[in-house]
Amino acid sequence: MATVTAAAPRTVVPGFLKRPGARKLLALALFAAILVPLADAHWASGTWPGALTVDVSEPLTKVSDWIIDNRDSHPLFLYFFGHISNAVVLCVRAVYLVLLAAGWAGVTAAASLVAWRVAGWRLAAGTGVAFLACGLLGMWVPTMQTLALMVVAVLASVVVGALLGLAAGLSDRMDRILRPVLDTMQVLPAFAYLLPVVLVFGIGVPAAVLATVVYAAPPMARLTALGLRGADKEVLEAVESLGTTARQRLLTARIPLARKELLLGLNQTIMMALSMAVIASVIGAGGLGDRVYQALASVDVGAALAAGIPIVLLAVVLDRVTGAAGEKLGEEPQPNNRTLWLYALGGTVAVAVAGRLAGRLDWPDAWTVNFAEPVNRGVDWMTDHLYSGVPVVGGTADWAGHFTTWVLDPLRDGLQWLPWWSVLLIVATLAWLIGTWRTALTAVLAMAAIGVLGVWKPSLDTLSQVLAAVAVTLVLGFATGIAAARSDRVERLLRPVLDVFQTMPQFVYLIPVVALFGVGRAPAAAAAVVYALPAVVRITTQGLRQVDPAALESSRSLGATPFQQLRQVQLPLARPALLLAVNQGVVLVLAVVIIGGLVGGGALGYDVVAGLARGDLATGLVAGAAIVCLGLMLDRVTQPTERRTKKGA
Amino acid sequence: MSTTTSTATPETRKPPTENPVFSVENLWKVFGPKAHTVPADPDLAALDPAGLRERTGCTAAVRDVSFDVRKGEVFVVMGLSGSGKSTLVRCLTRLIEPTAGTIAIDGEDVRAMDKTRLRELRRHRAAMVFQHFGLLPHRTVLDNVAYGLEIQGVGKAERRERAAEVVAKVGLEGMEHRRPGQLSGGQRQRVGLARALAVDPEVLLFDEPFSALDPLIRRDMQEEVVRLHHEEGRTMVFITHDLSEALKLGDRIALMRDGAVVQLGTPEEIVGSPADDYVREFVRDVPREQVLTVRTAMRTASADEAGSGPALAPEATVSEAIEAVARSGAPARVMENGRCLGVVDHERLIGVVAGTERPVAAGTEQAKEVV
């Protein structure tokens, strides 16, 4: 149909307009030619014009003051939020006490035995070692605090997510409502979720748990809905043909058929909950994240690493065990499964009781290794020898300095120098060329909202860091991805590295960059690059490897060189994957650049942290809103058009 | 019996059948906006598929189809993909809701059934076997077969026992505890078949059950169905796009094209006297001597022929007659109850094989709506 309608004007329009991109550009140019002189005449200035901003900080301060004043008296808080808050505190406390009562031996035994039943001997051993390592590093109590918070948050996220997913999976209307919301939540940086929760619940464990739930529930909901909707149609029909009731269908067919997605959802929810539980130390989560946060604040890399390593170990263990549970689904269950579970339970109880009788509930102090000091000595050595003045290559601090002065500064100044309307125009052009007019409109509105909120300058500062980090990420990521796609050996070498890197919480990446580059904007960008790189490499590699082998073979049979194959066959055919890689890269980089506010990244991330630290919620909330807008804008600008693929199907 | 209550116009009335299992009258299934207006409006109903889509945006998957399924027979619905045969069989138990027409099972109006009654129908009276098996991947073979009984609320021990019997019947002993993922395609379809059999339904509905299987396995499975039908005499409605499968299994065949039944008759009638050029084209490559019987190929015997020559039953195929005639060198007699109905000689038999002679088939049950 589309080709028929397009064919008619083709004879009239000049040749270059045949391309849809050119037509879009022409339309935008016309649009701009009318609006820009108007806008420029009215509000001529480089930055966002003051006349177009709305001061929201004053009403926000009032709201926040009102909430603080009424938190203990207003019925809404007394009878609703208060109960939620109390319930959360109670649950976390209860889990924490259970973990402490089980003692370190009991907890380690329980974790290992669960891993044994779910994932086999090797992971069980790994789990045990990981937990013991947490104790050895002197981090047993913070680890248990984080674990307690995680358990409660994950349970709540799974319940909330599964219910939402059930609704979206069974009702088309709910799906239409929920899907865009969940999609958007997925691309927003974790930091954006902190402030609204703090506004209602104040700083503390309830706020941390709820922020974690809000952040971690969407993947569960999405995957539940996906699993329920993706069930084999013929199986459902067969089940219906046997005369099942709707409830029987749900319980005996739809949910079991979605088990893979449900477990994947659980896995993702756990990983995101861990990531957020660590970040939520900023709003009073305590535990490991808090240790990292405090250590980073005083640039104590050793202490940060001592708390960071348990986080990484927890992440890897949780990811592997839940992942292995998903892989085992297809297999036949062992005949004596239940007995073995009973053994596991018995073993746990025995170890816990033994620990209790031996009076060794707390991790013995004598068994801790002082980890921070040698690390700090190493860092000091690095500071002395590698920071600057290394012949030929220069030092790490020099690199950071050069990156700041030659890349970040000019980019920031350039962006801030650009007239505000031209920024909007660039956003519109990019978004429309890559996506549809709808995504372009959302992107422009989000960008304009930033201006209206009055945080144009810091947002452009953040944007400049994002752009610089994304550029580095894409260059490195595409190069590595192409290399991995072309050579099996490179891919084999990369895979375990990528696996570990992709499971680590965002927060952890800040530790090594602070050790290497000190504080500032360059380390924030570096952490963002390291965080986003694995996803970009992985998507690129997969995209290139999934290129139709027949197309590749035919080009080879025509005598194309490897470079010609790459340029003329693989890259064009992998275009959707590459665009997805860009999109993911941008979203992930933004998340960490914002967190970089903790290590001197400045701009919006700093505003959030500072707002929290000073109790100035208005500033923080405005910055949080700007982060949301920025995330929305960046995601929409890089969102490839979906229409084409839908039509093809 | 249902024909007496139906509002069939004279030209769509079909010859009444003694106690049909399924009785379908003027059935329509139209997909698209305002689908129900199409069957109701004679102008729209008369349009061809392209015209209908242009006028209304609708597609008629099943157009004004009527037939009876007799007790104990294998009724084959045959047509190319997109001819509406799968939609038709789903309409029988309202897995797809028909747009217009009547369906009766044992005289009971299916379209008037409420949810509970319909569920009863699906649970006890009609079970279906699917092209891609539709097995539950997380259950063992035994639990898959017992699934229908589980739905009905049969206790665990009893349903497992009954399932085990059926599993043995379809030749899957020893595989009770495998998962569908560990079985071959043919074995999976045996599970599908067993699941349908386990609920002991009155009718088995097959939706292209063997299309996804290899040719050799397909032949095995066809023979399995023939065997089951011989043993149990269960009524079957069998959907297929494979003509040889239809001829092999079907007691009667309804040939569909663009949603309508073009011809309905025994395999012999369809091959021997195609209703139109479409059917003729369809059956052109069928080895006629294997389908046509001597009853249709014979001529009246002269007095001396009636006394001698090899004797054949009227149901014997022409290829069997060729063998007998070639061996004896004389025309063969077609004998029924000791009476000579006629004879087949070289000339008649070669005429059948060459397709030059069109034997007039007696009582072809022409489809009412010939497109």
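**Entry 1: where the chains meet**

I began with the contact, which takes 16 residues from chain A and 18 residues from chain B; two residues are in contact if their C-beta atoms, placed from the backbone, lie within 7 Å. On the side of chain A that touches chain B, α10 (233–241) and α11 (246–257) of chain A each supply at least two residues. The largest share of that side, 6 residues, comes from α10(A). I then sorted the side of chain A that touches chain B by class and found 5 nonpolar, 6 polar and 5 charged residues. Here Ala, Val, Leu, Ile, Met, Phe, Trp, Tyr, Cys and Pro count as nonpolar, Asp, Glu, Lys and Arg as charged, and the others, Gly among them, as polar.

A note to keep beside all this: the model is predicted, local features need pLDDT of at least 70, side-chain atom pairs count only at pLDDT 80 or more, and totals for chains, interfaces and linings use all residues. Residues are numbered from 1 along each chain as its sequence is written, while chains are lettered from A and ligands numbered from 1 in the order in which they are written. Helices (H or I, at least four residues) and strands (E, at least two) are DSSP runs, numbered from the N terminus.

**Entry 2: the annotated spans of chain A**

I looked up the UniProt record, an unreviewed entry, and its annotation "domain: ABC transmembrane type-1" covers residues 143–322 and 459–638 of chain A. UniProt positions are given in the numbering used here, feature names are shortened, and annotations may be inferred rather than shown by experiment. Residues 143–322 of chain A are 84% helix and 0% strand, with end C-alpha atoms 19 Å apart. For residues 459–638 of chain A I read 84% helix and 0% strand, with the end C-alpha atoms 18 Å apart.

**Entry 3: a helix in chain B**

Next I followed helix α11 (residues 215–232) of chain B, which has 18 residues and reaches 26 Å from its first C-alpha to its last, close to the 26 Å expected at 1.5 Å a residue. The expected span is 1.5 Å times one less than the number of residues.

Which residues of α11(B) are buried? They are B:Arg218, B:Met221, B:Gln222 and B:Val225. They cover an arc of only 105 degrees around the axis, so they sit on the same side of α11(B); the arc is that of the directions from the helix axis to the C-beta atoms. A residue is buried if 20 or more other C-beta atoms lie within 10 Å of its own, exposed if 12 or fewer, and partly exposed in between, with C-beta atoms placed from the backbone. On the other side of α11(B), I found B:Leu216, B:Glu223, B:His230 and B:Glu231 exposed. The cover over the buried residues of α11(B) includes α10 (185–198) and α12 (243–249) of chain B. After α11(B) comes B:Gly233, with a positive phi near 65 degrees.

**Entry 4: a buried strand**

I turned to strand β3 (residues 74–79) of chain B, where 6 of 6 residues are buried. B:Val74, B:Val76 and B:Met78 lie on one side of β3(B), and B:Phe75, B:Val77 and B:Gly79 on the other. β3(B) runs parallel to strand β8 (residues 235–240) of chain B, joined by 5 bridges; two strands pair if DSSP finds at least two bridges between them. In β8(B), B:Val237 is the bridge partner of B:Phe75. Another 5 bridges join β3(B) to the parallel strand β9 (residues 252–257) of chain B, and there B:Ile253 stands opposite B:Val76.
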